[in-house]
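Which parts are enclosed, and what do they touch?

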Amino acid sequence: MATLNAEHINPFLMAAKKVLQDMCFVEVGIQKPTLKEASFGEDSWVIIVGVTGEMRGQVLIAMSRTEACGIASKMCMMEVKEIDDFASSALSELGNMIMGNAATVFSSNGVGIDITPPSLSHGKVSFTSPFAKSLCVPLTFADGGGVELFLALRQEE
C-alpha cells in the first residue's frame, strides 16, 4: 500500500478551506492532523464522499447539528434551525464543491481522481476502511466552531 504524503492531503485541505471561506464567510484555520477513528455521536452530521481513480477511499466532513445549521444558514442565506431536505441539499452541495475543487487541483498536478455523489448521515455512526486509517484534520472557524475533515485514502499503485 502506497503511503499518502502532503501532496495527497493538501489539495483536500486547501479546497475545504477555500470553499468554507467563500460559502460561509468565515476565516478557517487548519489544525494539526491526527489518526482518529471516524466515529460520531447522536448530535453529528457527516458528509460522505467516495474517491476513485488514482486514489481510492472516502472523505468525511463531520460537524455538530449546531454547526450544520449554521453552515446551511450561510449557504441558503436564511436562518436554518433544523436540517430538512433543503438544508441537507445545501450540506451535500458543500461536499460536492469541496471535493470538486480538490479533484481539479489533483488534475492540474497530473493525478486523476473521480468523486461519488455525496451522502449525508446523521446520528450515531462509525466508518471503517479496511485499507486506510482515517487522518482527521480539524478545521476551526475564527468565529468559533468548525468541522472535522476525515481522509481515509490510499494511492493506487
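This is a predicted model: local features need pLDDT of at least 70, side-chain atom pairs count only at pLDDT 80 or more; totals for chains, interfaces and linings use all residues.

Residues are numbered from 1 along each chain as its sequence is written, and side-chain values use heavy atoms, with hydrogens and water left out.

Reader: How many of the residues of strand E10 are buried?

Author: Strands (E, at least two residues) and helices (H or I, at least four) are DSSP runs, numbered from the N terminus. Buried means under 20% relative accessible area, with a 1.4 Å probe and protein chains only. E10 covers residues 146-155 and is largely enclosed by the rest of the structure, because the buried ones number 7 of the 10.

Reader: Which residue of E10 is the bridge partner of Gln58?

Author: Strands pair if DSSP finds at least two bridges between them. E5 (residues 55-64) runs antiparallel to E10, with 8 bridges. Gln58 bridges to Ala152.

Reader: What phi does Gly144 have in the turn between E9 and E10?

Author: E9 (residues 135-141) and E10 are antiparallel, joined by 6 bridges. They form a hairpin with 4 residues between them, and the phi of Gly144 is positive, about 100°.

Reader: Which residues of H2 meet H1?

Author: Contact means heavy atoms within 4.5 Å. H1 (residues 6-24) and H2 (residues 65-76) pack with their axes 8 Å apart. From H1 come Leu20, Met23 and Cys24; from H2, Ile71, Lys74 and Met75.

Conventions:
Buried means under 20% relative accessible area, exposed over 50%, partly exposed in between (1.4 Å probe, protein chains only). Axes are lines fitted to C-alpha atoms, for helices over the stretch in contact, and angles run from 0 to 180 degrees between N-to-C directions.
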